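Please read it beside the sequence and the model.

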Amino acid sequence: MPNLREERGFALPLTILVVTVMTMLIASAHVRVRADRVIAESSGATVDAFAVAQSGLHRYFSHYDTLTPKVRPPDGDSMRINVPHGYADVRAFTVRTPADTMEPELYVVRSTGFLIEPNRGSDPQAQRTVAQFAQWQSAAMKIAGSFTAANDLSVDVSGVLRVRGFDQCASPAPAVPGVRITGTSPAIPGEFDVLTGVPAFSEGGIGSAVANETQIDWPSIVGGQFDAEYDSFQAWDASYPSILISGDLAVNDGGGYGLLIVTGNLTLNGFFFSWRGVILVGGQLITNTMFTTIRGATVTGLNEQLGMNPPVGQIGGGLFQDYLYYECEVENALHSLVGFVPIRNAWIDNWAMF
């Protein structure tokens, strides 16, 4: 028979060993759960800080969009923007300043978001930095004439046709030519009932030269690099929107405000047409209205920049046709285009790594 006295006390050490192992396993599981929870909370805080940084970036762009007049920020411009759940420190740096003042400046705008949780004190709980490359767009154009026709111009003398190159605004800018056309245009000064400007009638050069004289980047507009507010005609929108029509456009009795861009031909029909702002046409302008009034500036035949040969424009006829230079209406039409334009596919969410 086994000697039971030799096995006394065996159960107690085994029990202690099992309890110790179980305690270690439970403690390890507890530590792991705690670590996972800390990681999850930290990840959530980082996501929230990212939202703060992104919100600050958007508000920085919006701030410069609402300025009147709009001025571009200096190199190294900084701004602290308070947003829900924290604040963002935003800085803008000039990356490229072109020699041509008509070309846009290139910026990189960096936003660092700091997450604040009031129940944990005033110190930031997390931070995240994002950046966006953007261009400062001046949206300037050279007014070569109250009416500029790079595609030449044919005039119907059956009605009263008036073109004024003297600025009609309350605080007038220097006068521009009333009509600017090529050296081969069929239009002649005597066909206009009223023609004023400095000079009143400017002709010379080929179509592409006249189109380039406006300094409008027509290939970029046609190529999809211009992001207009609307792609359909907007009548009487007093916010002066930008409208880009791909192809031809016919308007029957109407008008509006802003920047109207038509890549094809523009035909005006009906009893009247009235516009305040800028009209840019790739092809020809045809007026079949009884009354036409454009206050601002008109340019046709811009497809000459693309090597195309748009048909000759046809204006006049009806009872009254007025093309009046208003520098203030030109500024109103281009105002919304001045400011930051984010570059597509040039947003960075790990800027701190660079």
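## Pairing around strand S13

S13 and strand S15 (residues 291–300) run parallel and are joined by 9 bridges. Strands, like helices, are DSSP runs numbered from the N terminus, with at least two residues (E) for a strand and at least four (H or I) for a helix. Two strands pair if DSSP finds at least two bridges between them. This is a predicted model, in which local features need pLDDT of at least 70 and side-chain atom pairs count only at pLDDT 80 or more, while totals for chains, interfaces and linings use all residues. Residues are numbered from 1 along each chain as its sequence is written, and side-chain values use heavy atoms, with hydrogens and water left out.

S13 (residues 266–281) is also joined to strand S12 (residues 249–262) by 13 bridges, and these two run parallel. Here Gly256 stands opposite Trp275 in S13. With strand S14 (residues 285–287), S13 forms 3 bridges, again in parallel. Leu268 is the residue that stands opposite Thr287 in S14.

## The antiparallel sheet

An open sheet of 5 strands has the order S1-S2-S3-S4-S18, and its pairing is antiparallel. Strand S1 (77–83) and strand S18 (339–348) stand at the edges with a single partner strand each, so one side of each has no neighbour in the sheet. On average, neighbouring strands of this sheet are turned by 30° against each other, direction ignored. For such angles, axes are lines fitted to C-alpha atoms, for helices over the stretch in contact, and angles run from 0 to 180 degrees between N-to-C directions.

Within this sheet, strand S2 (residues 86–96) and strand S3 (residues 105–115) run antiparallel and are joined by 10 bridges. Ala92 has Val109 in S3 as its bridge partner. Strands of a sheet pair through backbone hydrogen bonds, either parallel or antiparallel.

## Salt bridges

The chain has 6 salt bridges, counted where a side-chain nitrogen of Lys or Arg is within 4 Å of a carboxyl oxygen of Asp or Glu. One of them pairs Glu105 with Arg72, whose closest N and O atoms are 3.4 Å apart. Glu105 lies in strand S3 and Arg72 in the loop between H1 and S1, so the pair ties together parts that are 33 residues apart in sequence. Glu105 is buried because its relative accessible area is 11%, whereas Arg72, at 40%, counts as partly exposed. The cut-offs are under 20% relative accessible area for buried and over 50% for exposed, with partly exposed in between (1.4 Å probe, protein chains only).

Arg162 forms a salt bridge with Asp322, with 2.6 Å between the closest N and O atoms. This pair links distant parts of the chain, since Arg162 is in strand S7 (residues 160–164) and Asp322 in strand S17 (residues 320–325), 160 residues apart. Arg162 is partly exposed at 23% relative accessible area, and Asp322 is buried at 11%. Glu213 and Arg180 also meet in a salt bridge, at 2.9 Å from N to O. Glu213 lies in helix H2 (residues 207–213) and Arg180 in strand S8 (residues 179–181), so this pair ties together parts 33 residues apart in sequence. Glu213 is partly exposed, with 24% relative accessible area, while Arg180 counts as buried at 9%.

Gln54 is placed in helix H1 (residues 11–65). Gln54 counts as buried because its relative accessibility is 18%. Leaving aside neighbours within four places in sequence, Gln54 is in contact with Val130 and Trp347; contact means heavy atoms within 4.5 Å.

## Surface and whole chain

Trp236, Phe271, Phe272, Met290, Leu319 and Phe320 form a nonpolar patch on the surface, with about 560 Å² of accessible area together. Patches are made of residues with over 30% relative accessible area and no salt bridge; like charges are joined within 9 Å and nonpolar side chains (Val, Leu, Ile, Met, Phe, Trp, Tyr) within 5 Å. Trp236 lies in the loop between helix H3 (218–222) and strand S11 (242–245), and is partly exposed at 44% relative accessible area.

The chain comes to 4 helices and 18 strands. Of its 354 residues, 44% are buried. Among contacts with a separation of 6 or more, 57% are between residues 24 or more positions apart.

Note on methods. Accessible areas come from the Shrake-Rupley method with a 1.4 Å probe; for residues, only the protein chains shown count as cover.
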